[in-house]
Amino acid sequence: MSLSKPAYIRTFEKGLLKEKIVKAYSLLKSCVLCPRKCNADRLSGEIGTCKTAKFAWISSYNPHFGEEEPLVGSHGSGTIFFTHCNLLCKFCQNFDISHHANGRQVSDDELAGIMLRLQNQGCHNINFVTPSHVVPQILSAVENAVPRGLSIPLIFNTGGYDRITTLKLLDGVIDIYMPDFKFWDSRVAEIACQAVDYPKVAQKALMEMHRQVGDLQIDDAGIARRGLLIRHLVLPNGMAGTRKIMRFIAQHISPDSYVNIMSQYRPCGRAAEVKKLDSYLLSQEYHMAVDVAKREGITRLDQPRRMFRFH
């Protein structure tokens, strides 16, 4: 596929985007958009785990320069931080957004306008942060924005807790998937975010994402245009299961997967409630995780541009 035109433009031109929007909104009537399957009638104002009804909420939007280098370039990644979350990790570093609902409600038309504003500021992409619970609203906003000139890649920046049914609605819309594979051990997932099925869900989700967009493709200017970029936050005391996650990526996704091993863990939010997650990450734990990734066959590791304070 040519990297000159984002996938969603072709989908819009074929008239397929409208069909996806109808299907996506139908999932909100008795919501099964994400693996929680709360069955809340979000169209009538009911809310489930994500605390979001018919309209999306956002906390902020801006050109962001702290993302991976292929996303940031010279003008930044156009991040849109959605309020609330379907995963709700106890150690979330954006606890005020995900748990405390710091943000405001926006219409689909307003969301489209925000996307265009970020594009006009020169951002290289639109980066939807924590978007799993607002897929219908995103699709509707994209349909609204394309005739108004939206033409840069779309990023689905997710915690990895996504249903295949919902991801298939994004096929031909999202250009870059950026999931975080957080935990390999279901017991840790249960303790950290009450999602005992997280490991299995994330495995299937990453495989579907890769099926849609393949390995990360970067243009001659060093900017990511399409593909899968996987994040993995190293947790203290081996709680993330890094070795098994890296082995899975290398053997079942692709050894050419672009992976960012992240070092910035700190006990935020309610992390103090979880034994072994109530401490800071040690420098040697991070470096060991990077070495493990290489040993398991990961060849494309993101090069960190910032130094994080270890303890």
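Strand β9 (residues 258-262) has five of its five residues buried, so it's largely enclosed by the rest of the structure. Keep in mind that this is a predicted model.

**Inside β9**
- Y258, N260 and M262 point one way from the strand, while V259 and I261 point the other way, and all are buried.

**The β8 side**
- Strand β8 (residues 224-233) runs parallel to β9, and five bridges join the two.
- Across from M262 in β9 you'll find L233.
- To get from β8 to β9, the chain goes through helix α10 (residues 242-253), giving a right-handed β-α-β crossover.

**The β10 side**
- Strand β10 (residues 300-301) also pairs with β9 in the parallel sense, over two bridges.
- Y258 has R300 as its bridge partner in β10.

**The nonpolar cores**
- The largest nonpolar core holds 88 residues, and those touching the most other members are I80, F91, M115, L154, F183 and I261.
- Helix α9 (residues 198-213) gives the most to this core, with seven residues.
- Another core lies apart from it, with eight residues, including L71, I155, M178 and L229.
- Leaving aside residues up to four places away in sequence, I80 touches I58, S60, Y61, L111, I114, M115, L118, I126, N127, F128 and V129.

Terms used:
Residues are numbered from 1 along each chain as its sequence is written. This is a predicted model: local features need pLDDT of at least 70, side-chain atom pairs count only at pLDDT 80 or more; totals for chains, interfaces and linings use all residues. Side-chain values use heavy atoms; hydrogens and water are left out. A nonpolar core is a set of buried Ala, Val, Leu, Ile, Met, Phe, Trp, Tyr and Cys residues joined through side-chain atoms within 4.5 Å. Buried means under 20% relative accessible area, exposed over 50%, partly exposed in between (1.4 Å probe, protein chains only). Helices (H or I, at least four residues) and strands (E, at least two) are DSSP runs, numbered from the N terminus. Contact means heavy atoms within 4.5 Å. Two strands pair if DSSP finds at least two bridges between them. A crossover is right-handed if, with the strands pointing away from the viewer, the path from the first strand over the helix to the second runs clockwise.
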